[in-house]
Amino acid sequence: MKNLFYLLLFALGSPLILAKENVNISSTLVTASKQLSFNCAEGTAQTILDINNISTTILNGGDMWWDLSAGSYEAPKGSGLHSIFAGALWIGGVDDDNQIKVASQTYRQGGNDYWPGPLDNVRLNSMEGLNNNYGTTESSICAEYDKHYVLFKTDIIEFVEFTNSTQPEIDFPNYSIPQSILEYPGNRNSDNFTNAYTGSDEDVQTNPYYSLETLAPFRDVNNDNYYNPNDGDYPEYNLDNSLDCMQEDILFGDQTLWWVYNDKGNAHTASGSVEALGLEIQAQAYAFSTNDHINNMEQITIDNPASG
């Protein structure tokens with residue numbers, strides 16, 4: 001089940017705030033429970049979002065708008081002026097036992113609280129008890145998803161026109177499906193179905209069972225609950241305006257960066273939180289190329305579809 005939630009993005013630097021390294025924080029002072037560790041390495045992906053008058057670097061470790069050494073939010077593009085130094089996602093809460101749990105990020109000297117990749121989404125075992133794999137990950141999964149999936153809406157439009165053409169060999173004589181569509185992570189391939197319950201889980205509203213839960217949003221043209229571009233499926237931009245953008249999981253922008261990360265891949269050495277929140281975060285950074293003020297913006301949205 002996918003739930004959209006709101007977050008705080010803390011700008012670590014701005015024209016009014018002097019952003020410095022957190023030199024007084026030593027990683028040796030941070031102690032976090034080893035039970036959180038799945039030995040995932042920190043995210044290394046850095047991708048430029050620059051389709052409009054803003055050029056900025058997006059990372060995949062909970063931080064953004066910098067390149068790990070300098071600010072990288074250039075406005076206007078090509079000016080050499082950077083209006084933000086860095087920003088990061090901070091989430092915190094209190095559980096039923098009044099235990100504070102935090103996932104945050106600063107400048108990475110003290111460590112990390114976020115790692116690439118999804119969490120296992122199979123909640124119940126075959127006896128309908130809680131699955132031990134639920135909400136876990138592995139270092140190999142983190143490494144596989146250490147990337148951004150970069151999409152351009154024009155590519156999706158052309159793909160749909162190609163698949164709908166009655167004479168594609170004439171209308172699109174040299175067409176080949178872009179790698180961005182072929183490699184798009186629509187399917188949740190990392191879940192472990194060993195000894196898993198495959199019936200409906202009414203508590204989290206999976207129907208009929210977990211394997212039909214998607215990862216990145218896509219248009220399922222043949223309604224088989226499986227992303228396959230060769231069947232005409234494509235990343236979901238709501239091209240026909242049939243979906244409610246406030247309720248449905250869709251992509252935005254003319255250029256879109258989609259990625260997934262979690263706070264359980266290793267110990268929380270940035271915040272020192274003893275326990276993880278158990279978050280899987282699906283994020284997209286996007287921008288529109290327009291002739292108005294939106295041409296001077298980039299935006300970020302996140303979903304929290306799974307937790308453990």
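The side chain of Asn 262 lies 2.8 Å from the backbone nitrogen of Gly 265. That is a polar contact (N or O atoms within 3.5 Å; within protein, one must be able to donate a hydrogen and the other to accept it, and residues adjacent in sequence count only if both atoms are side-chain atoms). The model is predicted: local features need pLDDT of at least 70, side-chain atom pairs count only at pLDDT 80 or more, and totals for chains, interfaces and linings use all residues. Residues are numbered from 1 along each chain as its sequence is written, and side-chain values use heavy atoms, with hydrogens and water left out.

**Strand β14.** Asn 262 belongs to strand β14. Helices (H or I, at least four residues) and strands (E, at least two) are DSSP runs, numbered from the N terminus. Asn 262 has 0% relative accessibility, so it counts as buried. Buried means under 20% relative accessible area, exposed over 50%, and partly exposed in between (1.4 Å probe, protein chains only). Beyond its neighbours within four places in sequence, Asn 262 has contacts that include Asp 113, Trp 115, Cys 142 and Glu 280. Contact means heavy atoms within 4.5 Å.

Trp 259 sits in the strand too, which spans residues 255–262. Its relative accessible area is 3%, so Trp 259 is buried. Residues up to four places away aside, Trp 259 touches Ile 58, Lys 147, His 148 and Ala 285, among others. Trp 259 and Ala 285 are 26 residues apart in sequence, and their C-alpha atoms are 8.8 Å apart.

**Nonpolar cores.** A nonpolar core is a set of buried Ala, Val, Leu, Ile, Met, Phe, Trp, Tyr and Cys residues joined through side-chain atoms within 4.5 Å. The largest one holds 21 residues, and Tyr 184 and Trp 258 touch the most other members. β11 (149–152), α2 and β14 each give two or more residues to this core. Its largest share, 3 residues, comes from α2. A second, separate core has 20 residues, including Leu 49, Ala 103, Tyr 261 and Ala 283. Trp 258 itself touches Tyr 149, Pro 185, Leu 215 and Ala 283, among others, with residues up to four places away not counted.

At the end of helix α2 (residues 153–164) is Asn 164. Asn 164 is exposed, because its relative accessibility is 57%. Its C-alpha lies 8.7 Å from that of Gly 232, 68 residues away in sequence.

**Disulfide.** The structure holds 1 disulfide. It joins Cys 40 to Cys 142, S to S 2.0 Å, inside the cut-off of 2.5 Å between cysteine sulfur atoms. Cys 40 lies in the loop between β2 (8–11) and β3 (46–49) and Cys 142 in helix α1 (residues 139–144), so the pair ties together parts 102 residues apart in sequence. The S-S torsion of Cys 40 and Cys 142 is about 65 degrees, so the disulfide is right-handed. Both Cys 40 and Cys 142 are buried.

**Aromatic pairs.** Rings of Phe, Tyr and Trp (its six-membered ring) pair if their centres lie within 6.5 Å; planes under 30 degrees apart count as stacked, over 60 as edge-to-face and the rest as tilted. The count comes to 15 aromatic pairs. Two of them are tabulated.

| Pair | Centre to centre | Plane angle | Class |
|---|---|---|---|
| Phe 85 and Tyr 107 | 6.0 Å | 50 degrees | tilted |
| Tyr 286 and Phe 288 | 5.9 Å | 85 degrees | edge-to-face |

Ring pairs link Trp 66, Phe 85 and Tyr 107 into a cluster. Phe 85 is partly exposed at 23%, whereas Tyr 107 is buried at 11%.
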